[in-house]
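Here are a few exercises to work through with the model open in your viewer. Try each task before you read its solution.

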Amino acid sequence: MKKILVLLSAGVLMLACTGNKTTAFRQSVATNYSGVWVLTDYIKMVDSTKSPAQSRVVLRDIVSMVIDTLTAQDSLLVDININNHEGWFFTAYLENEQTAGHLKTDMRDYDDSTNYYELGIEVINNENFLFLYHYNEANELLQKVQFTKVADKTAGDDMRIAYGIQYVVNEKIFAGDYTVIEGNYVGADITFQVDGSLTGLPGISSYYVFTDYAISPSDYPDVILFDFMTPQRQELVFQVQQDTLALYKSVEFGQEGTGNLKAGALAYKLARKK
C-alpha cells in the first residue's frame, strides 16, 4: 500500500452534508461507521502468535481508526493511527462519492495526486467490516484494506489513538483468570481485564502492553509494564506458551543507550484457569 498522507485542515474537520442524503442514510452512517476499528490482519496475527513483537510486521500505514457518531451539525472526526506510532485525522463526506454507499475522504495520495480514497462498510458472515478503498483517476480499485470493529468507543482521550491496538493485545493475549505457579506470589489468583486493570498482585492495579515497535531494535522482545507511568512501574519481558504466561525481569543489554531488552530472571509464571 502506498504511503498514505492526509490533508491538514485548520480547525475541526467537518462532514459536509448538503441535504441531498436521506435521514435514513445519515442514520446508517451514524450506526455503522462509528466505533474503534483495527486492522483485521493485525488482529488475526496477534491471535495466532500471542506476540506483539512478531505481529509488528503488519503495522504499516493506517492501522486503526476511531470514528465518532454524527453530531447535530453532521460533523465527523476520523482519528487515525499511522504505523502504530503517529496520530492524525481525516475528513469523510456523505456527498460526491464515486461509489454509492461509500464516504468520500480528503485523504491524498502524494505519489499520485489523481488517486483518491473512500470508506465503506461490507457485511461478511453477518458482521460489518470497515474498508479503506484506494482508487486511481479511472476509478479503478487499486487496493482495499479491511478493519474490524473492536469497541463502540474509546475509554477516554488520553490514549484515544492507541486504544484499538491496545484493546486487541489485551483481549487476545492477556484477558482472563490465572494462578501463579512459579516465581513470586505462588498460589495467588490474578485477573487481567481487557481495560488494562489487574487484580491479585499486591500493590499492582494495571498493566500496559508495549506495541509501538516503529523505532525499536529488530529483536526487541514482547514487553508488559505493570503500573505504567507510576513510581511502582515494573517492566517485564513475557512469553506465552499455550495456557502458560511467563513474565521475566527485563535486562538492558548492548551499547549504552540502545534501549534493547532481553529476559532476565523469572518473576512470575502464570497458568490460565480453564
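**Ground rules**

This is a predicted model, so to speak of local features we need pLDDT of at least 70, and side-chain atom pairs count only at pLDDT 80 or more, while totals for chains, interfaces and linings use all residues. Residues are numbered from 1 along each chain as its sequence is written, and side-chain values use heavy atoms, with hydrogens and water left out.

**Exercise 1. Find the strand order of the open sheet and its edges.**

Step 1: pick out the strands (DSSP runs of E, at least two residues, numbered from the N terminus). Step 2: link those that pair, meaning DSSP finds at least two bridges between them. You get eight strands in the order β14-β13-β12-β19-β18-β17-β16-β15, with antiparallel pairing. Step 3: look at the ends: β14 (198-199) and β15 (207-209) each have a single partner strand, so one side of each lacks a neighbour in the sheet.

Now zoom in on one pair. β12 (176-183) and β13 (189-192) run antiparallel, joined over four bridges; Tyr178 has Ile190 in β13 as its bridge partner.

**Exercise 2. Work out whether Asp227 and Met229 are buried or exposed.**

Step 1: locate them. Asp227 sits in the loop between β16 (223-226) and β17 (234-241), and Met229 is in the loop between β16 and β17 too.

Step 2: check phi. Most residues other than glycine have a negative phi. Asp227, not a glycine, has a positive phi of about 50 degrees; Met229, not a glycine either, has a positive phi of about 65 degrees.

Step 3: apply the cut-offs: buried is under 20% relative accessible area, exposed is over 50%, and partly exposed lies in between (1.4 Å probe, protein chains only). Asp227 comes out at 5%, so call it buried. Met229 comes out at 71%, so call it exposed.
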